[in-house]
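Thanks for making time, everyone. Let me put the model on the screen and walk you through it.

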Amino acid sequence: IARTGVRAIILGTRRDDPNARDQQTWCPSSEGWAPFMRVNPVFDWDYREVWIFLRALSVPYCSLYDAGYTSLGSRFNTEPNRALQRED
């Protein structure tokens, strides 16, 4: 980051995301990271508001959401969200 001159990064973090505990709409990078400003424009949006926005503007998104995944970790611990499962 220091070599590129990047001073801020826009992220999609929301307040109820697991890694958001110490974040706000505007907040500095975490300890141990190169210094930059995190910009979280959807921080106070709920899940419904995110999907209304994505669909209204036809924003491309990861196809794993359509398969029921709502959070991605590693290939060893990522599972579809059981609350979204339905019997066809």
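Which residue stands opposite A8 in strand 3? The residue opposite A8 is M37. Keep in mind throughout that this is a predicted model.

Let's stay with the sheet. Strand 1 and strand 3 pair in the parallel sense. Strand 3 covers residues 37–39, and the pairing runs over 3 bridges. Now the whole sheet. There are 3 strands, in the order 1-3-2. The sheet is open, and its pairing is mixed. Strand 1, residues 8–10, and strand 2, residues 26–28, stand at the edges. Each has a single partner strand, so one side of each is left without a neighbour in the sheet. On average, neighbouring strands here are turned by 25° against each other, direction ignored.

One more point on A8. P35 and A8 are 27 residues apart in sequence. In space, their C-alpha atoms are 8.9 Å apart. P35 belongs to the loop between strand 2 and strand 3. Is P35 buried or exposed? P35 is exposed, because its relative accessibility is 69% and the cut-off for exposed is over 50%.

Next, charges. Side chains of opposite charge can pair when their charged atoms come close. How many salt bridges does a search of the whole structure find? The search finds 3.

Start with R14. The R14 side chain meets that of D16 in a salt bridge, at 3.1 Å from N to O. R14 also meets D17, and there the N to O distance is 3.8 Å. That links R14, D16 and D17 in a network of salt bridges. Look at how these residues sit. R14 is buried, at 11% relative accessible area. D16 is exposed, at 56%. D17 counts as partly exposed, at 21%. The cut-off for buried is under 20%, so D17 does not count as buried.

Then there is the bridge between D44 and R15. Their closest N and O atoms are 2.5 Å apart. D44 lies in the loop between strand 3 and helix 1, while R15 lies in the loop between strand 1 and strand 2. So this pair ties together parts that are 29 residues apart in sequence. R15 counts as partly exposed, with 47% relative accessibility.

On to the aromatics. How many aromatic pairs are there? The count comes to 6. I'll show two.

Take W45 and F53. Their ring centres are 5.4 Å apart. Their planes stand at 65°, so the pair is edge-to-face. W45 counts as partly exposed, at 28% relative accessibility. F53 is partly exposed too, with a relative accessible area of 37%.

Now Y47 and W51. Here the ring centres are 6.3 Å apart, and the planes are at 65°. Why is this pair edge-to-face? The planes are at 65°, and over 60 degrees counts as edge-to-face. Y47 and W51 both lie in helix 1. They are 4 residues apart, about one turn of the helix. Helix 1 itself spans residues 47–56. Y47 is partly exposed, at 34% relative accessible area. W51, by contrast, is buried, at 11%.

Ring pairs link Y47, W51, Y61 and Y65 into a cluster.

Which residues make the nonpolar surface patch of about 350 Å²? The patch is made by Y47, Y61, Y65 and L84. So why can Y47 be in the patch at all? Patch residues need over 30% relative accessible area, and Y47 has 34%.

Last stop, the backbone. Most residues other than glycine have a negative phi. S58 has a positive phi of about 50°, although it is not a glycine. Where does S58 lie? S58 lies in the segment after helix 1. S58 counts as exposed, at 61% relative accessibility.

To recap, there are three things to look for on screen. Another is the salt-bridge network of R14, D16 and D17. Thank you.

Notes:
Residues numbered from 1 in each chain as written. Predicted model: local features only at pLDDT ≥ 70, side-chain atom pairs only at ≥ 80, totals over all residues. Heavy atoms only, no water. Patch = residues over 30% accessible without salt bridge, like charges linked within 9 Å, V, L, I, M, F, W, Y side chains within 5 Å. Areas by Shrake-Rupley, 256 points an atom, 1.4 Å probe, with all protein chains shown as cover. Salt bridge = Lys/Arg side-chain N within 4 Å of Asp/Glu carboxyl O. Helix = DSSP H or I, 4+ residues; strand = E, 2+ residues; numbered from the N terminus. Buried < 20%, exposed > 50% of the residue type's maximum accessible area, 1.4 Å probe, protein only. Pairing = 2+ DSSP bridges. Axes fitted to C-alpha atoms, helices over the stretch in contact; angles between N-to-C directions. Phe/Tyr/Trp six-rings, centres within 6.5 Å; stacked < 30°, edge-to-face > 60°.
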